Amino acid sequence: MTRVPGKGRVDLSQPVEFTFDGKTFRGGKGDTVASALLANGVHLMGRSFKYHRPRGPVAAGSEEPNALIGTRRGPGRYEPNTRATVQEIWQGLQTNSQNKYPSLKFDIGAVNDAAYMMFSAGFYYKTFMWPKNFWHKVYEPFIRAAAGLGVSPTEEDPDTYASRNLHCDVLIVGAGPAGIAAAKAAAGQRVVLVDENAEAGGTLLSEPQAVIDGVPAWDWLASELAALKAAGVKVMTRTTAIAYYHQNMVGLCERLTDHLPTLPADTPRERLWRVRAKQVILAQGALEKPLVFNGNDRPGVMLAGSAQTYLNRYGVLVGKMPVVVTSHDSAWYAAFDLQKAGAKVQAIVDLRGTVRDDLLAEAKLLGIPVKLSHTVTATSGRLRIRSVRVNPTSPGKVGARVEIACDALLMSGGWTPSLHLFSHTQGKLTWDAGRTTFLPAATPEDCVIVGASAGAWGIEAALRAGAAAFGGTAPTVEHDRTGSGVSQVELPTDLNAGRAKAFVDYQNDVTAKDLRLAVREGMSSIEHVKRYTTNGMATDQGKLSNINGLNIAADALNRRQPEVGLTTFRPPYTPTSFGAFAGYHRGTHFEVTRKTQIDSWAAENGAVFEPVGQWRRAWYFPKTGETMDAAVLRECRSVRAGVGIFDASTLGKIEVVGPDATEFMNRMYTNPWAGLKPGRCRYGLLLGEDGYIRDDGVIGRMSQDRFHVTTTTGGAARVLNMMEDYLQTEWPDLNVWLTSVTEQWSTIALNGPHAAKLLAPLVEGVDLTDEAFPHMSCVECTVAGMPARLFRVSFTGEIGFEVNVPAPMGRALWEVLWKAGQQYGITAYGTETMHVLRAEKGYIIVGQDTDGTVTPHDAGMSWAIGAKKPDFVGKRGMARPDLVAKGRKQLVGLLTEDRSRLEEGAQIVFDPDQPIPMKMVGHVTSSYLSDAVGQPIALALVEGGHDRMGQTVHIPMPDRTIAAKITGAVFVDPENARLKL
Amino acid sequence: MLLIHCPYCDETLPEAEFTYAGEAHIVRPLDPSAQTDEQWETFMFIRRNPKGPHYERWRHLHGCARYFNAVRDTVTDKFLTTYKAGEPRPDLESLK
Amino acid sequence: MNKAVSSFVPGVLATSTAATVSLAAPMGRLSLRARGDLSALDAALGMTLPTRIGQRNAGAICLGPDEWMLHADDIVPIVAACAAIYEGHPHSLTDVSGREITLLIEGPRAAELLTLGCARDIDSIPVGEGRRTVCDGATVILWRDAPDRFRMDVWHSFAPHLLHLFETGCRELAAEAA
Ligand SMILES: [Zn+2]
């Protein structure tokens with residue numbers, strides 16, 4: 001055990017057991033998987049992605065690139081690529097290492113490591129290009145088997161996910177000293193303070209030596225947090241600000257159960273918060289930079305600040321005989337802390353020639369050997385570092401090496417402000433040459449970035465910056481640790497740099513050599529270098545690698561860093577589950593499923609449903625053992641021979657009311673409306689301004705100033721939107737108003753020779769005779785005692801009625817009609833039969849037989865155009881040269897010679913013997929078996945189709961070519977004789 | 001997600017309540033049939049697509065249901081102003 | 001015609017210690033559209049129509065510059081009174097009683113329950129006012145009757161979707177407090 005008594009915040013009196021690769025380990029409450037494994041002396045936690053090199057944690061927080069594990073909590077609850085450094089342990093947690101076969105300690109994929117040259121920069125683009133036919137058979141299967149980060153879960157996720165909107169005055173991201181000071185200063189407003197860690201405190205958790213306002217840091221932290229909560233500040237831990245969207249909307253992912261041994265009822269695993277803040281304070285601190293040297297990825301090589309965190313926050317000594325290599329003062333404090341905790345620091349190796357006197361004095365006092373102007377050139381050890389190769393440096397020269405035995409190597413290349421969320425705001429960065437880092441400059445958002453993420457160094461500076469955001473004052477800090485450093489590219493070496501494995505991006509296995517190769521091969525922008533090498537493209541998004549990658553690329557290009565540019569950070573800040581984004585929208589709640597009032601009857605009577613827009617509609621009503629084809633043929637036959645009942649409630653309905661209603665209708669629809677008398681209805685065709693068909697429907701004139709407009713099911717909202725657009729912005733002078741009444745009415749269609757007989761006894765107020773109520777009539781009356789709008793219309797070619805009653809009465813009316821219809825053998829039919837019956841009559845379905853490029857003339861519906869009207873939407877559009885040109889695709893009927901059913905969407909050619917690629921002259925838009933015609937029928941758009949009646953066209957299919965004869969689009973009763981009683 | 005000020009409701013509300021409706025101040029000709037093909041093409045298809053301030057239309061669909069106009073900077077995505085349908089195009093200088 | 005109707009059974013639909021969602025009794029609903037001088041309509045309706053969007057009086061809420069939603073036990077007299085002035089004062093009065101239902105949402109965390117579906121700041125709706133807004137994809141009218149008591153008008157076909165969300169939310173909020 002490497003746990004240091006009296007150190008850290010882990011409660012060892014509450015032991016927690018978990019497994020890693022099947023072996024049980026023990027930690028304490030407050031441990032992460034990484035801290036608990038390190039406490040058990042385990043550094044090796046995974047294999048790298050490309051070379052399968054052994055890796056251990058290099059960091060202690062969410063920036064960790066190496067220690068990715070799988071976590072499991074019983075069936076379905078497996079998640080790959082979890083960072084061991086943030087996953088809290090709980091009793092029973094099962095974890096496993098990744099990218100290894102057969103075992104973590106012996107891995108066959110590590111052969112890639114030996115084949116290093118083959119996997120250098122751009123290998124994706126180069127290695128596998130030749131021979132061409134090797135790609136599918138050899139390269140791709142090999143790459144797919146070998147690559148991939150972790151293993152995807154295969155079972156459905158049994159957890160639930162949630163989302164919520166939150167509005168506040170101030171959102172503070174990061175509950176370190178800067179964030180806490182800002183929250184305190186902002187008190188009185190609606191303040192939300194979030195932190196991705198299990199505990200608030202940030203750097204204070206790793207620096208217990210600090211004394212704030214005369215109080216030890218941890219005591220100060222506890223009392224401040226209590227005071228904030230008492231003041232109404234919403235403090236949220238385990239909550240990551242994943243993205244900063246427009247106008248201060250920040251996405252937060254709150255993890256609610258991943259740390260709990262048992263799952264509480266009714267609690268989602270994660271909750272996505274959409275926070276809209278008047279002001280955002282970014283206080284995310286800074287990330288330590290690794291140093292780039294040969295062998296810098298060996299387990300046991302770790303960031304110095306992270307080693308300090310493992311010691312001070314978790315009470316874990318990551319090595320008993322560590323070496324420190326640094327070019328920044330901060331690592332010296334790590335050395336001091338570890339030495340005081342019982343480690344024997346073998347050496348502090350500093351790249352710099354001069355270091356602050358107080359640091360040198362403290363090192364001397366603690367008995368730590370110091371090597372200034374020294375470099376690290378290699379490390380040894382297979383699964384854990386065993387020694388480090390250290391050489392003295394002088395300008396342009398690297399001296400003779402010494403080998404220092406060690407069990408950990410703690411490195412620091414200085415610190416990089418965490419600018420990820422700031423970058424999401426399109427915030428501008430400035431290059432600070434002195435500190436070799438980008439600093440935040442202007443942002444278009446109402447956002448202040450404070451503390452280490454703005455370059456302020458030390459607890460006191462962070463407190464001051466946080467408080468200053470709201471004009472507050474900050475307490476004083478004793479034992480604060482400030483410092484400075486010098487930035488590095490690859491560390492100087494006496495070895496062949498071409499053979500060095502000096503990693504820049506640990507997760508994607510990108511080395512300094514890869515970056516330089518990319519520049520040599522012509523990549524001059526950092527964006528190109530990034531994509532060519534994949535530097536910074538792993539799941540950690542280059543939190544540790546981007547700045548080192550930039551420095552090396554800039555060095556190779558011999559340009560200043562701002563001229564090479566920093567790659568853009570994109571959301572999310574850390575990997576986020578799909579569940580969190582989906583929230584409640586899964587399963588039956590995936591999206592709105594609209595059902596009519598009659599849907600329940602259909603369900604009870606065995607309907608098969610189909611989605612139509614947001615609606616689910618009864619598709620057909622199979623009897624036991626009946627196929628869809630058989631059911632539809634039966635339904636069709638029953639309607640044409642007897643009577644069918646159909647739920648048409650989903651049709652869009654718009655009430656158009658006002659003195660200018662007729663004028664409005666004249667301007668919107670192609671048809672003339674002035675001559676339509678109250679009590680009559682007419683088929684209306686709606687075009688876009690481009691002259692193409694947009695929608696259609698039957699429109700009834702209920703009274704002088706009131707029209708009952710119907711639209712297609714899918715077009716209801718779109719048509720109302722279009723009408724409102726014209727009314728509000730082009731014709732605001734018209735005295736007419738539109739109201740959606742789609743859901744005011746349940747609409748039941750009765751069709752068939754017996755329809756009138758069935759309905760007549762139930763209707764009060766109108767006689768259902770051809771004289772009193774001819775085809776295309778409408779009236780307000782009473783049906784079965786219910787207030788109704790009754791239409792005599794037909795979309796089947798049979799005698800038809802549509803009864804509208806207030807929606808909630810729909811099912812009751814349906815049942816009355818169903819009962820009364822038994823004597824006529826009434827048959828319930830669905831949308832498929834409706835489609836067949838209308839196709840037999842050549843009635844179009846907008847969106848099926850038209851595709852947004854079909855004019856009324858193309859569709860054979862010139863009759864629907866009020867040619868005498870001076871204007872209507874689409875009139876001028878229809879006169880465009882291309883729309884009146886010869887050879888347009890026109891709607892026709894097709895009858896196949898072999899009496900087979902065509903496939904909808906199939907392409908049509910004139911000459912089946914022409915060479916491929918053939919000239920396609922149209923496509924099949926609708927195709928059905930037809931009981932009435934006695935053979936399958938189809939509708940199709942065919943080039944010049946109206947002038948090709950009787951000609952044969954060909955439909956090439958994968959197995960054969962089908963010949964079909966062009967016919968008129970009306971297959972049944974072209975004289976409309978069947979519409980008469 | 002943007003915040004949009006509805007000039008009718010006089011409230012600044014989440015984009016989720018609104019729908020976009022294309023470039024603003026494109027007036028449908030009073031007599032379309034008198035338009036030449038070129039004029040009609042311009043009305044139908046030619047749009048400014050500027051980099052910078054853009055006069056555009058939005059609809060407060062899930063609110064007052066009104067169409068209104070806005071000036072939005074297509075670079076920053078910030079709304080410089082919103083105003084009621086029918087009101088004159090505001091001068092860009094006055095919005096700075 | 002046009003008596004108040006609903007196919008849902010009034011009563012509690014979802015409840016927990018956090019909030020309770022129940023269905024209001026059926027009522028008459030009219031969509032009124034008019035502009036210009038409203039005094040004739042005011043007289044016919046026997047009320048002063050509110051003119052600021054979101055403002056309410058006893059039976060009407062202003063939803064747009066020319067739009068109101070009227071709730072009434074009996075709409076017949078309203079329809080008749082408005083019809084009587086139509087010639088001189090054209091307007092649109094459309095019965096939408098069958099179109100929608102009203103959910104009552106109340107309880108200590110009722111406002112927070114709404115944040116599961118509503119993107120707008122619930123706190124910005126004053127007590128005694130209301131707003132049309134969007135909740136989990138559905139257009140709704142949200143009436144705030146008290147700090148912790150709301151009504152939500154929603155079209156029939158969207159109601160089950162919202163109700164499912166509120167059921168989940170009631171349980172989730174209650175578990176959170178536990
Ligand atoms: Zn509005």
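1. The zinc ion has tetrahedral geometry, because its 4 donor atoms subtend angles of 104 to 117°; four donors count as tetrahedral if all angles lie between 85 and 135 degrees. This is a predicted model, in which local features need pLDDT of at least 70 and side-chain atom pairs pLDDT 80 or more, while totals for chains, interfaces and linings use all residues. Residues are numbered from 1 along each chain as its sequence is written, and side-chain values use heavy atoms, without hydrogens and water.

2. The protein donors are C6(B) (SG), C9(B) (SG), H60(B) (ND1) and C64(B) (SG), at 2.0 to 2.4 Å from the zinc ion. Donors are N, O and S atoms within 2.8 Å of the metal (3.2 Å for Na, K and Ca). Their spacing along the chain is C-x2-C-x50-H-x3-C.

3. C6(B) counts as buried because its relative accessibility is 0%, and C64(B) counts as buried at 1%. Buried means under 20% relative accessible area (1.4 Å probe, protein chains only).

4. Between chain C and chain A, 46 residues of chain C are in contact with 49 residues of chain A (heavy atoms within 4.5 Å). The two chains bury about 3700 Å² between them, 51% of it on carbon and sulfur atoms; this is the accessible area (1.4 Å probe) lost on being put together, summed over both.

5. The rule finds 8 salt bridges across the interface of chain C and chain A, a salt bridge being a side-chain nitrogen of Lys or Arg within 4 Å of a carboxyl oxygen of Asp or Glu. E112(C) and R164(A) form a salt bridge through their side chains (3.1 Å, N to O).

Definitions and conventions. Chains lettered and ligands numbered in written order. Tetrahedral: all angles 85-135°; square planar, octahedral: opposite > 155°, others 65-115°. Buried < 20%, exposed > 50% of the residue type's maximum accessible area, 1.4 Å probe, protein only.
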